[in-house]
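Please look through the sequence and the 3D structure shown here before reading on.

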Amino acid sequence: VSTQSTGEQGEKNPLASLDLYRTLPADLTAKSKSGGVISVVTLVAIFILLWAEVGHFFSEKKYSTIMVERVTGHDRIALHLNMTVQGYGCHAIYMKYRTRTKGYLIDKVDESKIKKEDDSRGGCRITGETSVVKVPGYLEVALRKAGNKEVALPHYIEFLYLGDNTGEGDEAIWRDDIPEIVFNPLREHEEDAEPGYHTEYHLQLVHTALQVGRDGNVVDPYQYSYSTKYPKSKSPYPSIKFFFDWSPITIKYGIKDYYYSDLGGRLIATIGGCFTIAMFLHTFLISSTQTFLLRVSPLTSTTLGA
């Protein structure tokens with residue numbers, strides 16, 4: 001009587017037809033081969049998806065963002081240089097940092113880590129590390145004196161880096177995501193200067209905050225692009241000038257942190273989703289089989305469907 005009354009109430013209630021989790025008495029349920037196959041496939045799918053989810057979760061997820069930020073603690077910027085001035089020995093070469101407008105001397109270049117040596121072709125090779133003050137200005141590589149008025153400074157730049165930990169052997173640079181050329185566009189640049197003309201490199205620098213691991217350690221290299229100009233020299237001794245334009249923009253490359261609560265939620269969602277799909281698939285197969293058998297043989301549909 002109770003079952004019949006419950007069924008009558010279900011027929012009267014329109015929401016009962018939308019019940020996706022219908023309950024059946026134990027004597028109306030039975031194990032089937034189709035249900036076993038679906039169960040095995042479901043377990044295999046869950047294992048594969050969980051394995052992929054865990055692997056993806058523990059892999060490094062990198063991101064980049066652009067912001068306008070005041071960079072503190074960067075009053076002096078490290079400069080790594082390797083260049084060769086051709087045609088003149090190192091005794092005739094000097095380096096200074098001057099203002100951009102008037103050309104006044106701002107700061108003497110610290111040459112304690114700079115090495116100058118004459119090469120076999122009579123040129124001067126300048127290698128090492130120095131620093132420049134972060135004010136609008138330019139680094140000048142010039143001659144002390146020359147024997148004639150028709151002076152030219154042809155040169156070859158192996159590399160020019162600015163900032164922290166920038167170099168070809170530095171693992172901090174993400175080789176797969178950030179090409180090394182953005183930190184060193186002057187790599188292997190050769191310039192055949194004309195007599196009586198300066199060679200000016202105008203560098204637009206962008207501070208880069210580069211996270212090198214999940215521990216939060218950040219290095220600060222500088223990306224830059226450049227353009228070249230060749231103005232007429234007013235003095236008898238032209239020079240090589242590197243102009244620095246400091247951008248207020250900071251580009252940050254980071255690694256996203258992961259939380260085990262996120263992993264737990266994903267695993268639960270994966271397992272629940274697989275079982276839900278399996279339930280729908282099994283219900284669809286049983287309903288389709290019973291409908292087909294009902295049309296073929298109404299008297300045996302119930303027995304064969306089970």
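## Salt bridges

K115 and E117 meet through their side chains in a salt bridge, with N and O 3.8 Å apart; the term stands for a side-chain nitrogen of Lys or Arg within 4 Å of a carboxyl oxygen of Asp or Glu. K115 is exposed, with a relative accessible area of 51%, while E117 counts as partly exposed at 31%; here buried means under 20% relative accessible area, exposed over 50%, and partly exposed in between, with a 1.4 Å probe and protein chains only. The model is a predicted one, in which local features need pLDDT of at least 70 and side-chain atom pairs count only at pLDDT 80 or more, whereas totals for chains, interfaces and linings use all residues. Residues are numbered from 1 along each chain as its sequence is written, and side-chain values use heavy atoms, with hydrogens and water left out.

A search of the whole structure finds 3 salt bridges. In one of them, R98 and E140 meet at 2.7 Å, N to O, and this pair links distant parts of the chain, since R98 lies in strand 3 and E140 in strand 7, 42 residues apart; strands (E, at least two residues) and helices (H or I, at least four) are DSSP runs numbered from the N terminus. R98 is buried at 17% relative accessible area, and E140 is buried at 9%. R266 forms a salt bridge with E53, where the closest N and O atoms are 3.4 Å apart, and this pair also links distant parts of the chain, with R266 in helix 3 and E53 in helix 2, 213 residues apart. Side chains of opposite charge can pair when their charged atoms come close.

## The nonpolar cores

The largest nonpolar core has 35 residues, of which M83, I126, V141, L160, L162, F242 and F244 touch the most other members. Such a core is a set of buried Ala, Val, Leu, Ile, Met, Phe, Trp, Tyr and Cys residues joined through side-chain atoms within 4.5 Å. Strand 2 (76-85) is among the strands that each supply at least two residues of this core, and strand 2 gives the most, with 5 residues.

M83 touches, among others, I126, V141, I157 and F242, not counting residues up to four places away in sequence; contact means heavy atoms within 4.5 Å.

## A buried histidine

H189 lies in strand 9 (residues 189-191) and counts as buried at 16% relative accessibility. The side chain of H189 makes a polar contact of 3.1 Å with that of E191 and a polar contact of 3.3 Å with that of Y201. A polar contact is a pair of N or O atoms within 3.5 Å; within protein, one must be able to donate a hydrogen and the other to accept it, and residues adjacent in sequence count only if both atoms are side-chain atoms.

## A nonpolar surface patch

V40, V44, F47, I48 and W51 form a nonpolar patch on the surface, with about 600 Å² of accessible area together. Patches are made of residues with over 30% relative accessible area and no salt bridge, like charges being joined within 9 Å and nonpolar side chains (Val, Leu, Ile, Met, Phe, Trp, Tyr) within 5 Å; accessible areas come from the Shrake-Rupley method with a 1.4 Å probe, and for residues only the protein chains shown count as cover. W51 is found in helix 2 (residues 33-58) and is exposed, with a relative accessible area of 66%.
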